[in-house]
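Biologist: Can you walk me through this protein? Keep it short and plain, please.

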Amino acid sequence: MLNTGTDSKCRLCQQFDETIDHTISACPILAKEQYIKRHDGVCAQIHFNIRKETGVQLDKKHWYEYFPKSVTGQGGNVTILWNQQVQTDRIISNNKPGIIIRDNEKRTYMLIDAAISGDRNVIKKEAEKILKYKDLTIEIQHMWNVKTKVILVIIGATGTISGNHEVKELQKTAILGTAHILRKVLT
Ligand SMILES: [Zn+2]
């Protein structure tokens, strides 16, 4: 971790300097699994909170014991999709936001996703994600004549946050995920 000038490349990817920023948010090796786990943890918590808020009786008391089902609420007005690809006529590469809330009555699609980025890149990451889902929202509006909204929760790996969210708990989850990654890499 400390740059000694002799061997400062990341011990995992050996491509980039091993800075804290690199390890907690930019290493291609960790991106394959560890960052995804951290991201899914934050999304699972959002999913849990959404369901709790809609008044659903959940069989788990805490979000961390809870694993979202791919589809919940079928048959009702509001369906929540977890990690599902949206089937579109046109090929769209970014078609799988963490959570989709589909309201058949109000005819709305809400795409929700979280991202954990290096703390200095929170704003950049938000812009990136907005762009990422632009094609998908246009396509959804076009195919089903519904209103779409994208909600992003961007959290810096050590807790910086963008926007105005109810996020203390989400921050904690991101930070715990980061601590887990650091422990794994550094020991
Ligand atoms: Zn690396």
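What follows is a short chat about the fold, the sheet, the core and a few single residues.

Biologist: What kind of model is this, and how are residues numbered?
Modeller: This is a predicted model: local features need pLDDT of at least 70, side-chain atom pairs count only at pLDDT 80 or more, and totals for chains, interfaces and linings use all residues. Numbering starts from 1 along each chain as its sequence is written.

Biologist: What pLDDT does the protein average?
Modeller: The average is 85, and 92% of the residues score at least 70. pLDDT is the predictor's confidence in each residue, from 0 to 100.

Biologist: Where is confidence lowest, and where is it highest?
Modeller: Lowest in α6, with a mean of 78. Highest in helix α2, residues 28-31, at 95.

Biologist: How many helices and strands are there?
Modeller: Six helices and five strands. These are DSSP runs, numbered from the N terminus: helices are H or I with at least four residues, strands are E with at least two. Along the sequence the pattern reads α-α-α-β-β-β-β-α-α-β-α.

Biologist: What size of box do the C-alpha atoms fill?
Modeller: Roughly 60 × 40 × 25 Å, taken along the principal axes.

Biologist: On to the sheet. What is the strand order?
Modeller: The order is β1-β2-β3-β4-β5, in an open sheet with mixed pairing. Strands pair if DSSP finds at least two bridges between them. The edge strands are β1 (71-72) and β5, and each pairs on one side only.

Biologist: In which sense do β4 and β5 pair?
Modeller: Parallel, over 10 bridges. Alanine 114 stands opposite valine 153 in β5.

Biologist: Which helix packs on the sheet there?
Modeller: α3 packs on the sheet and touches β1, β2, β3, β4 and β5. Its direction makes about 140° with that of β4. Angles run from 0 to 180 degrees between N-to-C directions, with axes as lines fitted to C-alpha atoms, for helices over the stretch in contact. Helix α4 (residues 122-132) lies across β4 and β5, at about 155° to β5.

Biologist: And how do β2 and β3 pair?
Modeller: In the antiparallel sense, over five bridges. Threonine 79 stands opposite arginine 102 in β3.

Biologist: What about β3 and β4?
Modeller: Five bridges join them, and they run antiparallel. Isoleucine 101 has methionine 110 in β4 as its bridge partner. The two strands form a hairpin with four residues between them. Arginine 107, in the turn, has a positive phi of about 55°.

Biologist: Switching to the inside. Which residues have the most contacts within the largest nonpolar core?
Modeller: Val42, Ile46, Ala114, Ile116, Val153 and Ile155, in a core of 30 residues. A nonpolar core is a set of buried Ala, Val, Leu, Ile, Met, Phe, Trp, Tyr and Cys residues joined through C-beta atoms within 7 Å. The elements giving two or more residues to this core include α3 (34-53), β4 (108-117) and β5 (147-156). The largest share, six residues, comes from α3.

Biologist: Why would such side chains group at all?
Modeller: In soluble globular proteins, nonpolar side chains tend to be buried together.

Biologist: What counts as buried?
Modeller: A residue is buried with 20 or more other C-beta atoms within 10 Å of its own, exposed with 12 or fewer, and partly exposed in between; C-beta atoms are placed from the backbone. Of the 187 residues, 28% count as buried.

Biologist: Back to α3. What is its span?
Modeller: α3 has 20 residues and reaches 29 Å from its first C-alpha to its last, close to the 28 Å expected. Expected means 1.5 Å times one less than the number of residues. Its buried residues include Gln34, Arg38 and His47. Just after α3, glycine 55 takes a positive phi of about 85°.

Biologist: Where is tyrosine 133?
Modeller: In the loop between α4 and α5.

Biologist: Is that tyrosine 133 buried or exposed, and why?
Modeller: Tyrosine 133 is buried because 20 other C-beta atoms lie within 10 Å. Beyond four places in sequence, tyrosine 133 touches Asn94, Pro97, Leu111 and Val150. Contact means C-beta atoms, placed from the backbone, within 7 Å.

Biologist: And where is cysteine 13?
Modeller: In the segment before α1 (20-26). Cysteine 13 is partly exposed, with 16 other C-beta atoms within 10 Å. Leaving aside neighbours within four places, cysteine 13 contacts Cys27, Pro28 and Ile29.

Conventions
Two residues are in contact if their C-beta atoms, placed from the backbone, lie within 7 Å.
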